[in-house]
Amino acid sequence: MKTYQDIKSAVIIDAIVSYVEPLLGIRFKRVKKYRYNAPCPFHADTKESFMVYVNKEDEVRFHCFGACKGDWDIYDLIMLRKKYRFQRAQQ
């Protein structure tokens with residue numbers, strides 16, 4: 001059984017990106033290993049300011065370097081888009 005941390009692990013970054021693209025209605029472009037960019041889905045963005053990366057704790061994170069300056073993990077994005085509470089987002 002996968003844990004909360006397993007689902008955020010860099011090991012499955014490609015699966016996370018594949019899940020998030022239709023969820024947010026965007027298409028990521030791979031920039032290098034463990035790094036993807038796209039226009040931010042949370043504000044009117046003309047640049048690829050939305051980044052997927054792996055932090056020092058080996059967790060996949062999402063960050064906007066544009067207008068909203070948001071920083072999320074996979075659960076945060078599910079809760080935002082689907083309006084779920086954390087427990088439901090984990091399922």
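The model is predicted.

**Helix H2**
- The buried residues of H2 are Ile13, Ile16, Val17, Val20, Glu21, Leu23 and Leu24.

**The nonpolar core**
- In soluble globular proteins, nonpolar side chains tend to be buried together.
- Here, the largest nonpolar core comprises 22 residues. Val20, Leu24, Phe28, Phe50, Val52 and Phe62 have the most contacts inside this core.
- Two or more residues come from each of H2, strand S2 (35–38), strand S3 (50–54), strand S4 (60–64) and helix H3 (74–82).
- Leaving aside neighbours within four places in sequence, Val52 contacts Ile13, Val17, Phe28, Tyr34, Arg35, Tyr36, Val60, Arg61 and Phe62.

**Packing of H2 and H3**
- Two packed helices are described by the angle between their axes and the distance between the axes.
- The axes of H2 and H3 cross at roughly 20° and come within 11 Å.
- Angles under 35 degrees count as roughly parallel, and H2 and H3 are therefore roughly parallel to each other.
- The crossing of H2 past H3 is left-handed.
- On the H2 side, Ile16, Tyr19, Val20, Leu23 and Leu24 meet Ile74, Leu77, Ile78, Arg81 and Lys82 of H3.

Terms used: Residues numbered from 1 in each chain as written. Predicted model: local features only at pLDDT ≥ 70, side-chain atom pairs only at ≥ 80, totals over all residues. Heavy atoms only, no water. Buried < 20%, exposed > 50% of the residue type's maximum accessible area, 1.4 Å probe, protein only. Helix = DSSP H or I, 4+ residues; strand = E, 2+ residues; numbered from the N terminus. Core = buried A, V, L, I, M, F, W, Y, C linked by side-chain atoms within 4.5 Å. Contact = heavy atoms within 4.5 Å. Axes fitted to C-alpha atoms, helices over the stretch in contact; angles between N-to-C directions. Parallel < 35°, antiparallel > 145°, perpendicular 65-115°, else oblique. Left-handed = near helix turned anticlockwise from the far one by under 90°.
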